[in-house]
Amino acid sequence: MSQGVQVAGVYVRDQDEALAFYVDKVGFRVHTDMRNGDFRWLTVQYPEQPLFQLGLFVPGPPVHDGATAQALNAMVAKGAMPSLVLQVSDCRAACERMRANGVEFTQEPTERYGTVDAGFRDPSGNGWKLIEARR
Amino acid sequence: MSAMSDAPNGQDPQLLRRLLRAKDRIDGASHEDWPVSRLAQVSHVSEAHFARSFKEAFGVPPHRYLLTRRIERATALLRETPLSITDIAFQTGWRSLGTFGRIFRDVTGESPGAMRQRARAAERALASVPACIVSAAHRPDLRTAVLEKRRRAAGATKDAQPTKEIQ
């Protein structure tokens with residue numbers, strides 16, 4: 001058995017919207033999609049990284065009261081949550097593919113420090129860096 | 001201003017997401033001109049509401065945010081490239097070298113040349129942190145208007161006229 005981080009999550013404003021974004025536009029696949037009443041446990045996974053799941057969580061009951069949920073939604077929407085990094089083998093090709101799918105890029109691919117990086121956001125406001133793996 | 005928007009997180013997340021788009025556009029092209037009319041259009045907000053909403057969301061007026069990003073980018077170019085200070089001034093959106101040098105000093109407390117020397121000496125320590133994070137860590141924390149900062153530095157004792165944000 002290997003040890004390490006299994007799930008880390010982002011808050012999203014709408015799980016259906018987030019699912020469509022991460023699966024159809026970015027290239028993740030669904031790992032777990034389980035409902036219990038209003039609660040929905042939803043995680044996605046990058047095909048080449050089977051030991052890690054990215055959780056797509058909506059702030060709200062039963063975990064958060066209304067004011068807390070509103071505060072968390074606001075934090076995400078103003079881009080205040082920490083950026084995530086997606087490592088890819090070819091940044092420009094990944095950008096082209098994702099842009100064709102309608103992903104909103106915040107930074108064009110830029111070559112620097114011996115690699116290429118770009119930036120995009122999910123519909124909720126979570127920021128991502130797309131960084132090409134150093135060869 | 002409504003009581004609602006005085007609350008720490010009182011702004012509508014949908015509005016915030018649209019304001020973030022304007023902030024992202026500044027981030028993506030800080031060398032360009034960003035008049036309020038252009039930013040308001042990106043956010044689908046009226047010009048009258050844009051500046052106030054932006055400041056409420058991000059803590060600084062949009063123009064001051066633009067200045068911090070330009071200085072941040074100039075600092076990165078000073079640190080990472082052999083470009084001349086003149087080239088850096090024009091590449092980061094200033095129309096005159098004098099304005100660049102003056103605002104750079106006002107914001108960071110040192111001249112572009114001095115910053116370049118000091119930063120180069122320290123750069124090796126940060127090699128393993130992603131570049132964008134390093135850059136953001138060097139973003140100037142501009143809490144007051146540039147003119148205000150300049151006046152304080154000059155030791156003015158009077159509370160003068162309300163400061164007009166520098167263009």
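This is a predicted model: local features need pLDDT of at least 70, side-chain atom pairs count only at pLDDT 80 or more; totals for chains, interfaces and linings use all residues.

Colleague: Is C95(A) buried or exposed?

Modeller: The relative accessibility of C95(A) is 2%. That is under the 20% limit, so C95(A) counts as buried.

Colleague: How many disulfides are there over all chains?

Modeller: A disulfide here is a pair of cysteine sulfur atoms within 2.5 Å. For C95(A), the closest cysteine sulfur is in C91(A), at 4.4 Å, which is too far for a bond. C91(A) is itself buried, at 0% relative accessibility. Over the whole structure, the search finds a count of zero.

Colleague: On to the two chains: what area is buried between chain B and chain A?

Modeller: Contact means heavy atoms within 4.5 Å, and by that rule 16 residues of chain B touch 19 residues of chain A. Buried area is the accessible area (1.4 Å probe) that two parts lose on being put together, summed over both. Carbon and sulfur atoms give 55% of the area here, and the total is about 1500 Å².

Colleague: Which residue forms a salt bridge with E104(A)?

Modeller: The rule asks for a side-chain nitrogen of Lys or Arg within 4 Å of a carboxyl oxygen of Asp or Glu. Three salt bridges across the interface of chain B and chain A pass it. In the one with E104(A), the closest N and O atoms are 2.9 Å apart, and the partner is R21(B).

Colleague: Which helix gives the most to the side of chain B that touches chain A?

Modeller: Helices are DSSP runs (H or I, at least four residues), numbered from the N terminus. Those of chain B giving two or more residues to that side are helix 2 (13-28), helix 4 (47-58) and helix 9 (131-137). With eight residues, the top contributor is helix 2 of chain B.

Colleague: And where is D87(B)?

Modeller: D87(B) counts as partly exposed, at 38% relative accessibility. Its C-alpha atom is 30 Å from that of R152(B), 65 residues apart along the chain. The place of D87(B) is in residues 85-91 of chain B, helix 6.

Notes
Residues are numbered from 1 along each chain as its sequence is written. Chains are lettered from A and ligands numbered from 1 in the order in which they are written. Side-chain values use heavy atoms; hydrogens and water are left out. Buried means under 20% relative accessible area, exposed over 50%, partly exposed in between (1.4 Å probe, protein chains only).
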